[in-house]
Structures are given as C-alpha cells and as structure tokens.
Amino acid sequence: MSDTYTMTIDGAAVPARDTFGVIDPATGQVAERAPEASAEQLDAAMRAAQAAFPAWRRDEAARRAALLTASEVMFARAEELGRIITLEQGKPLSDATMEVTGAGVWLKYHAGLEMPSEVIQDDETALVEVVRRPMGVVAAITPWNYPLLLAVWKIAPALLAGNTVVLKPSPFTPLSTLRLGELLRDLLPPGVLNVVSGGDRLGAWMTAHEVPRKISFTGSVATGKRVAAAAAADLKRVTLELGGNDPAILLDDVDPGAVAARVFGGAFQNNGQVCSAIKRVYVPAALYGDVVDALAEQAVAARVGNGMDEGVQYGPVNNRPQFERVGELVADALAGGARVAAGGAPLGRPGYFFAPTIVADVADGARIVDEEQFGPALPVIGYTDLDEAVARANATHFGLSGSVWGTDADRAADVAARLECGTAWVNTHLAIGPGQPFGGFKWSGLGVENGPWGLHGFTEMQVVHRARQ
C-alpha cells in the first residue's frame, strides 16, 4: 500500500492532508489510499482552470496536438493503467487494458474531429455565420464502472472545444484517473486539466461552485437530479448520463441457443455494470423455457474470479453497496415467486463476488425488473403478444438503450423503432463508438456524449454577423 497518488492542480502534483481508502473489490480490503481534496484545494483547481482558459481557447492547433499526444500516452501505458483499473474496479485485466486503449481511441478521434462554422447568409448585404464557442470551465464527475474511459468521454470534447476542466472521479475508483492526471501533467499547459479526488461532499462543492459554466456528470438518477438542481441556481449547462434499464425483446423467429450467447454478453459485460447493458429480457412464451435454459448454461459456464488471474471473464461487483443491492433484488424476486435458473447467491470467497444469475418466472412489477440492478443478475420475462411486450419495455422512467433480436432484420428494426430510448440496436447490444451519439430519453439523462453532437454540448452557439453595406 502506498500514498503516492497525487492530485493535479495548475499543472503541479498536489497531495492532501487527509486520505481515504480505496478497496480492492476482489479482496474487500483497502489496497491503496487516495487524497481527500479540501474546499480550498477545489478553489485552487477552479482558479487554475479559469486562468488557463483564455490562452487555451485561442489555439486550436495546440489543442488538437495535445489530444493526439494524450492518445499516444494511453496506448503506451495501457498495461500500467489497466492494472490500476483492475485493482480498484475489479474487471479482468484484459478488459481493463482494453478500456485504456479505448480511451486512446476516443482521444485520437477527437483530435481530428472538425468544428466547422455554418454559413446561413452570404449575399451583398451580409455574411452571417453560426460558430461554436467554448463555455469556460467544465466540472466533470465520473462513475466507477469505466473510470478512465468515461473520464476521457468528457475530457476529450471539452478540451477540443477550448474549455478547461476540473475532473473528479468516483471515490470507489480514483486511482486510474489520478494517474491519468499525473501522466498528462507535463503535456498540457498548467490549469487546463485539473484532477481532484474525494467523496460525495467534493462533488456537491463542484456543482455549486461559482466558476464552472458546465457540468458533465455520469452516475445515478438520484444524484443526477441533485446535480441538475444545483446547476439550476447558476444556470450552468449540464450533460447528465444517468443509467438505464435496457430491455431486449426477442422475436418469435430467433434461435434460442444462438441468441442466448449474444444476449448474455450484452447483459453481463463488465459483470453487468454498464449503464446501457441489457437489464431485462422479454421472450415469446413458446421459446421461453429454451431461452432460459440457454442463458443459464452461459451463466454456469462463466469464469468468475480475481481480475488479475488468467482466464477470468468476470470479476467482482465493484463495491459493497452495489454487491448488497444485487443480492437484495434477487432475494426480493425469489420472495415474490420467481426462480433462479442459475446463480442466485454470493460466491463463498472474500471480496464482492456474486454468481452470474438468471432469474426466471418473473414479471413486471418485481423490483429486479422495474429497477436498474447494475450487476450480474438478469431477469427473463415471458410474453404472448408483441405489442404488449413493447409497451411493457417502454413502461419505465428509463430510456437509455434497448435492442430487438430476430432472424428477419427488417421486422426487428420496425419493432426497435418503437422503443423509447436513445439507442435502439437490432441483433446486437452495446455497439458504441466515439462518433456515435450516446444519451437517453426520460430519466436516463439530458444531452448526449460523443461525436459532433457531444462536442456541441461543450459549446455555446454564437452568430457572427458581418454587414456588407
């Protein structure tokens, strides 16, 4: 264990008077310690970002070059950063390394993403253009499921647009983000990217702080509502990605065995700890038993263990509150008459390991169906009428993503078009790229991330009107 991780404020390494423990979810024990930022240190980070903004916004070429160099750092340091992610988050090392590489891909994409102006009038009277201008300081708050990748989802467009950033990672997974700040410290002008760490109190200070003009937050609905309320007092702009309860609807022409493997992958990636993972599956009654059995086979065969060990497919749940929540939802379903087709209980070992679980004979109204479980437990619901299944899939406050699966792709696409969500996949799930907008309907969030649409969320629109007469 070490206390070597430092915050990055105004381009310098900054320790803290207080620290907090970061738990390795594979053991349940404190593995490292992270700095606990004070209110004064947050003020210093905000001042640094504010001071760096005027020069940073003026040099687009330097911004693009910096993002490209940062991407190269991600590729070169993928294994080092991957090990830190596995230590604090729990995912298998191969997945963690892919997360870092993905962060590099996102940075490289944004380094080349154009920000063209739009000419809306060009005649003898005037040249009128619509241009995008940076906002100023962005406060970015990230979650624990993809700590580095989702940080870059915010850093890359914010910096490209000409903003400066104060970034706070989840207290469950601060180490990889702190290390990111250390690696980029000498590549960016002081104050352009500041990384501070701490608990919920620090997040509340950030959202209420007078300096930021934009808050980009990824996390729970409950916290997102508090962020929006805090931002409203100062009319800060917000992007909120608040999770989902993604339905997958299987049509009556699917092959149960073939589709089960792909649906399982879409549900259990990162041990089910993905905002847009499949969270509930609707299956035609005639295929129900076969699909449940095929999903259960996938669950039983899954290799669960310490993410540092070779051949592990799924690690532990990241933290104790989430681990306990998954168990609570499964127990509630069983008490309501559901049955467990596979898994259903914690594994008998240290750490936060829960067996990959398939819950059958469950219906809408059960908490595990209606709520976002965000863990390795998947409810399977039968249906007899497709229109009813679509209505049930949409009968939720969530609206992040969804998918429809069928041999007739055109028919499946027609059904997918009826889903009330930000991304509707056909015969796939979790197909996400840096150029594809990602966001949700209803309580799943405000605004989008990625692509030019996400970049626009870090800008203000300005009309430049030049008279010619």
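**View 1. Helix α6 and its burial.** All 10 of the 10 residues of helix α6 (residues 175-184) are buried, so the helix is largely enclosed by the rest of the structure. Buried means under 20% relative accessible area, with exposed over 50% and partly exposed in between (1.4 Å probe, protein chains only). Among the buried residues of α6 are Leu175, Arg179, Glu182 and Leu184. Helices (H or I, at least four residues) and strands (E, at least two) are DSSP runs, numbered from the N terminus. The model is predicted: local features need pLDDT of at least 70, side-chain atom pairs count only at pLDDT 80 or more, and totals for chains, interfaces and linings use all residues. Residues are numbered from 1 along each chain as its sequence is written, and side-chain values use heavy atoms, with hydrogens and water left out.

View 2. Strand β7 (residues 137-141) is mostly covered, with five of its five residues buried. Val137, Ala139 and Ile141 point one way from β7, Val138 and Ala140 point the other way, and all are buried. In a regular strand the side chains alternate between the two faces of the sheet. β7 pairs with strand β8 (residues 164-168) in the parallel sense over five bridges; two strands pair if DSSP finds at least two bridges between them.

**View 3. The open sheet β5-β6-β22.** Three strands form an open sheet in the order β5-β6-β22, with antiparallel pairing. β5 (118-122) and β22 (459-467) stand at the edges with a single partner strand each, so one side of each has no neighbour in the sheet. The twist averages 20 degrees from one strand to the next. Strand β6 (residues 126-134) and β22 run antiparallel and are joined by nine bridges. Val130 lies opposite Val463 in β22.

View 4. The axes of helix α2 (residues 60-76) and helix α5 (residues 147-161) come within 9 Å and cross at roughly 160 degrees. That makes α2 roughly antiparallel to α5. Axes are lines fitted to C-alpha atoms, for helices over the stretch in contact, and angles run from 0 to 180 degrees between N-to-C directions. Angles under 35 degrees count as roughly parallel, over 145 as roughly antiparallel, 65 to 115 as roughly perpendicular and the rest as oblique. In α2, Arg63, Arg64, Leu67 and Met74 meet Leu148, Ala156, Leu159, Leu160 and Ala161 of α5. The axes of helix α4 (residues 93-111) and α5 also come within 9 Å, crossing at roughly 10 degrees. α4 and α5 are therefore roughly parallel to each other. Contact (heavy atoms within 4.5 Å) involves residues including Trp106 and His110 of α4 and Trp153 and Pro157 of α5.

View 5. α3 and α4 pack at an angle of about 125 degrees, with their axes 8 Å apart. The two helices, α3 and α4, are therefore oblique to each other. Thr86 is found in helix α3 (residues 78-89) and is buried, with a relative accessible area of 2%. Not counting residues up to four places away in sequence, Thr86 touches Lys91, Pro92, Leu93, Ala96, Gly307 and Met308. Among the α3 residues that meet α4 are Leu81, Ile85 and Thr86.
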